[in-house]
Amino acid sequence: MTLLAHLLLLATILAPLGLLATAVTAQGRLRLPALLVYAPLPGLAAALIAGPAPPLVIYADWLRLSLDLDAPGALLLGVAALLWSAAGAYASAYLPGATRFAGWWLLTLAGSLGVFIAGDLVTFYFAFALVSLAAYGLVVQDATRRARRAGAIYLALAVLGEVFLLFAFALLAVSIPGQSLAIADAVAALPNSLVRNETILLLLLGFGLKAGLVPLHVWLPLAHPAAPMPASAVLSGAIIKAGIIGLIRFLPFEGGIAGWGLALGVLGFLTAFYGVALGITQRNPKTILAYSSVSQMGVVMAALGFGLAAGDAATPLDAARYASHHVLAKGALFLGVGVALATGARRAAWIMAPVLLLVLSFGGLPLTGGALAKEATKAQLGAGVLGWLSALSAAGTTMLMLHFADRLRAGLAETPEASAPPGLILPFAVMTAGALLLPWWLYPAAVKFWPALWPVLLGALGFLALRNWGGRLPRWPEGDVLIFAERAAARVAPPLAERASRIEATLRAWPSAGLALLVLALLLGLAMAVAA
Amino acid sequence: MEATPGGFLLVLILVAPVTGLLIGFAQGGRAAERIALWAAPLGVTMAMVLLAGVLHAQAPIVAFVGGWAPPLGLALRADGLAAAMLMTTAVIIAAITLFARADYTTLPGAPEARAPLAFWCFLLALWAALNAAFLGGDLFNLFVALEMLTFGALALACLDGRATQFKAELRYLLFALIGSVFYLLGTALLYGAYGTLDILLLSRTARSDAPTIVAASLMTVGLLGKMALFPLHLWLPAAHAGAPPAASALLSGLVVKASYVLLLRLWFWVMPAALLLAVAPILALLGAAAILFGSLVALRQARLKLLVAYSTVAQIGYLFLMFPLVAGSAAEVAERAWTGGALQAISHAFAKAAMFLAAGVIARGMGHDRIAGLHGAARVAPLSVLAFGLAGLSLMGIPPSGGFTAKWLLLQSALYAGQWWWALVIVAGGLLTGGYVFRVLSAAMRAPSPDFMPAAPVDARQERVALGLAIISVVLGLLPLAAFGLVLIGR
Amino acid sequence: MTLLLDLILGLAVVGVAVWTLAVRENFPAVIGFVAYGLLLALVWVRLGAVDVALTEAALGAGATGVILLFAVVRLRGGRAEIDAATPGPRQRLAAGILCGVVGLALAVAVLSLPDPAPSQAAAVARHLPELGVANPITGVLMAYRGLDTLLEAVVLVFAVLAIWSMAPDRRWGAVPGPVFPVQSNGPLSLLARLLPPIGIVVGIYIAWVGADAPGGKFQGGTILAAMGILAWVAGLWRLPPVASRGLRWAVVAGPLAFIGVGLLGFVFADGFLSYPPAIAKPLILLIEAAMTLSVAAALVLMVAGPPEGRRA
Amino acid sequence: MIYGLVASALVALGLYGLVTQPALLRKVLAFNLLGGGVFLLFGVVAARGGDPVPQALVITGIVVAFAATALALVLVLRLFQITGAATIAEDETRR
Amino acid sequence: MSTLLTLFSGIAIAAGVVFFLAGTVALLRFPDPLSRLHALTKADSLGLGLIVLGLLPWAGGWFAALKLILVWLLVLLAGATATQLIAERLRGEDPPP
């Protein structure tokens, strides 16, 4: 049994890469887009049966590469694999000939699934780097100027995130007593390591940037809309979860760093409300969804934060449950947008009904997956003020999602009879069913009716208000904070680089170089004379 | 102080290229080329045998020239660091020999031309000088090797005979001469104070008195001038950018490293620890300045070769971050930093050689090397752009590459030693390097204008050589850390 | 009394050096430099290093003086560009102060060298008889630090090739350096006919005597080269073209002989560049002869410069 | 002892000339002055102990310095023949 | 005998030095270059001859004495040629390059 589990774990990463390898031959390359749907299946299987198996350790002498699957990891791996597979089928229909896109797709897939099962620092960093850098290929697929700009910003911030993580992992590796690089040892050694605060700050920055924590979320509303539909689905659905699994794996939930937990929680709620506030000013349905992702991730991080503050060991699993619902629902919505844009007014009802249901489930409508997700994080966000805050954010989300549905209906195809090809509708249907039903199978719980309902109603009321007076809201550009940052940078950066190259040019004139030589000689001499 | 078995191998490695040079020069162009082609594989095997010998003996191999013991005679010493650098030199020169066959070949019947004869002879001469610089055990002997290196680098860079290159090379020659004069002054003072110039003997008797201090500061500044560390880098960009591709790969990759190894010999063998502690922060500060300024200016360069040359100025800075980490900390951290520094030197040699060769092929294929006009380069010279990218990865320090392991080791030892600011510089350097590598790649990857025609056909063999070097630089990262224990032998 | 003499000589040398730097025109500066070289040779005699005095006079003042004169004659004008590039007074002052401080540091270092000066003189003297050579400096040059001399000979060969490679491509294969018109009569041709034979005898004598008394291959080679240059300038002797194999083998003969004998050392004696005691002296003399030839050839070619004439 | 001071003075002068003299020929000249000073320092060291080894080093050094001067002068001449430039001032700004 | 010898060489060397001085003064004082040149070579070669004469007894053995004389002859030859060349140059005949 464990051998099968280990094989599946290996296959999760190697299958997509193997498929990519077949692209070397010409006809292999042609068939590639069609095979995208099968690549994530080993991951799905691994999630289902590899849970209890012991960690697989490879290459044991100086570098212990190990793959390991715990409960939250399995849950997220399963839903992510499902989304990847559905989006893969969608992509085969949506972009039939795009072989280069398929190549980037498989690389990102390998990284995205690998992140959930990595057991040690090096594998995790390698997978995280793979998913961050390869996703650039998905973002710039449309090769428009806007896509290229979004891609450049995405890559810059992704590399920045990588650097934070490299730094954090170096600190972690330093604080682990022995030679091992396993994540478990790292987390155990974290609370009492001498560089504790710096490490945690860097971890939060690195994973927060990936999951869209407020000041670092700027790339998300730019990148997701710019990417083609299936890419946006996986970007918002599965790839963003790399940040969440990072926080789940690397933060010591047994306690010891309560202060940081509080900070994360507050920032999480801030992100949640910020996402909603920005979302309602947007026109493009995909951008609204992107802001909704920011907001939802805010809620997840709030749950993680307050769970960390309370030292509640169950937080990882609860947060994973909430996040898994988001994977399914958000993925379905993105695919839905693609389908809706291709269907005419007459057949719209077939699409708008499930979309509406999904939208309300986000708000936590009883009997839907959303309600179960909210129930799961009751332990962390249920009591007192936190309860009110989470309810308010649910209301806000409902309002935002209804606004999204309204914008979507405005964006339907002109010709009434137009209907999307089956290749698009089938994955959308699968994902919608998954979003609504899977939570019942994964984490069933009794949901009290009224406390879950009133936020949805409040949200509906808010939406109605928005419809009438929405016009007066200010028109914010996508990636809000980034625009101001870019303008500020435009003022500061060139003069700095200009001054640096002017200094460098003066140093290259012969006499000043000679003088520099002599000054350096004296400096060294003095330093040594003082020391001796 | 006694000669170990296997000493003849050291002499062979030194004498083989010299004899090749002399016979090649006398016999003329075609003979020089054939000798160089035979010397390349022979050199690599000799370096490999030496590497195995040093690893097996776990101690430096020492040979006394002429059988005279050091205070009187000269010693050749191959410790772990020297063996590793010799191996790097042999492999890169073999690669450059393959690369340059397309440019500098004389057909059987053809009359002898200037450039081919000059190129092959200077390649062998540079190789001999590098071997002498890495193996040398006597400071004056190293001076002669450095001079030969300077002349070789100068002559190779002037091979195209362009006027701007003559001016750049004159700046290089004069500055290098100031450097060697300073080095000579230091040597004279050391001889006056201790009566010997042998590194090992000096390391036993070095005191912190006035002559030693003046000698140390003069020699260090002389070597920094020859290595073009940041404030003294005036000659490097023009000299390395204007040189033919094969030459600039050799110059940026290896010639700079010879002065670096000398500097290591000077500071970690000859000079007493107290002086090292005083000087190490200054050297590291200069290194940090080199990284920041070099990368910033590289970001603003309009021409590809100048960008790569400024990248050398920046990457040299990394080599100096090692000094305070090895000087001031516990043995375990010092070993990690030392391995990191040595690996950075080696992986930079491979990566920079690959980058310059790739840049050369791209420039020939596109007809120019303006970065803004590089659209479609990926179609004209795909393998070269890939080689440039891989080498860029290694320079940035993205995981699988040799550069990453070097920077990871330096990062960790910086944190262990508590001097976290160096870690900050390493990370900032990596980001900036990423900046200019991305700038070149994104320009090269972009689709060309429809009426685009490549300026000249690109030789596929040359591309494969550049790619091979880039792959080696990446594969270096996968070698288990135990392999780098080699660099610690005889430390 | 000798202190006074040293003082005067020292001041003279420094004075000439200052004058060489200060004078505006290039030509007097070069003349000043030749004078500086000769005075320096005197200083070397005062320091008791006759070998080095010979080398300094022949190479440092003579040969360098010749190539500088050649250069001065050809480098005319560019005064405006030079004035433009002259650094401002502030930079010159700073440079002056810094150079002064470096000089001072050097002086302090020299003065504080340990009193019982550590010296290899005894060791050299003890091992000298094994080589059968009386002149300690030749012993050091040829045996103890043989590798230095070998590398340096290779540097000479290398410098010749580097100078040749500076020529434009179309000139390759031609005669190195400018071609002087043949002078049938006149004082120069008289000198060029009379002096070389004597010079060659003196050169070979100095190279030969190097084994036992001050002299040696570099000094002898330089004198031979001087005679060659004299004949070449007078147009009596046309340098062989760059492509001629004979010329190249002449330049390469010295170092190759050195390596050959060195490698033999593996077989007969106990390592590279070690001489079997019995036949050490003849071997050294053999190498000295080959080296003298190479040094002479290399110096002539270096003075001549890159090929400028038409293809031979 | 006096010659030690003379050597230091020559080194200082040579350095000053090499750094400040704009004309290339004068720079090469200054380099030779500097070389003379350095080798004189070796001579002083040799004279203190009556030691032949530094004298051998000086002979080797003078030959190498001559090779360097010859190479530099050829470069100066070739540069002058092609561009007429007599200095190595950084004319076009490296943009 | 030796005192006589030292006396003789002392006088000879003094005379030589006087001639050198005269040559240098001539170099500075004389109006046109040609006459300066003429005076200089004459005085210096004679001066050197006298100094060599003075040094002869001190030279160790015949061989060294011969070498001294050889030196004098060579300087004479070189001086004459140089003066001729410069003179030609000054008078503007077809000067060698």
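Mentor: Seven pairs of chains are in contact in this predicted model, and the pair that shares the most contacts is formed by chains C and D. Chain C contributes 75 residues to the contact, while chain D contributes 62 residues. On the side of chain C that touches chain D, the elements that give two or more residues are helices H1 (2-22), H2 (26-46), H3 (50-74), H4 (79-85), H5 (89-111), H6 (121-131), H7 (136-144) and H8 (146-164) of chain C. Among these, H3(C) provides the largest share of that side, with 13 residues. Sorted by class, the side of chain C that touches chain D consists of 50 nonpolar, 16 polar and nine charged residues.

Chain C contains 12 helices and two strands. Along the sequence, the elements of chain C follow one another in the pattern α-α-α-α-α-α-α-α-β-α-α-α-α-β. The C-alpha trace of chain C spans about 65 × 60 × 35 Å along its principal axes. Of the 312 residues in chain C, 53% are buried. Among the contacts in chain C with a separation of 6 or more, 73% are between residues 24 or more positions apart.

Chain A and chain E are joined by no contact, and their closest C-alpha atoms lie 35 Å apart. Chain B and chain E do not touch either, with 27 Å between their nearest C-alpha atoms.

Chain B also shows how helices can pack within one chain. Two packed helices are described by the angle between their axes and the distance between the axes. In chain B, helix H6 (residues 163-194) and helix H8 (residues 210-227) pack at an angle of about 155°, and their axes are 7 Å apart. Because of this angle, H6(B) is roughly antiparallel to H8(B). The crossing of H6(B) and H8(B) is left-handed. The residues of the contact of H6(B) with H8(B) comprise 17 nonpolar, seven polar and one charged.

Finally, chain A is divided into domain 1 (2-478) and domain 2 (482-531). The centres of domain 1 and domain 2 of chain A, taken over C-alpha atoms, are separated by 44 Å.

Note on methods
Residues numbered from 1 in each chain as written. Chains lettered and ligands numbered in written order. Predicted model: local features only at pLDDT ≥ 70, side-chain atom pairs only at ≥ 80, totals over all residues. Axes fitted to C-alpha atoms, helices over the stretch in contact; angles between N-to-C directions. Helix = DSSP H or I, 4+ residues; strand = E, 2+ residues; numbered from the N terminus. Parallel < 35°, antiparallel > 145°, perpendicular 65-115°, else oblique. Left-handed = near helix turned anticlockwise from the far one by under 90°. Nonpolar A, V, L, I, M, F, W, Y, C, P; charged D, E, K, R; others polar. Domains from an automatic or database assignment. Contact = placed C-beta atoms within 7 Å. Buried ≥ 20, exposed ≤ 12 C-beta atoms within 10 Å, placed from the backbone.
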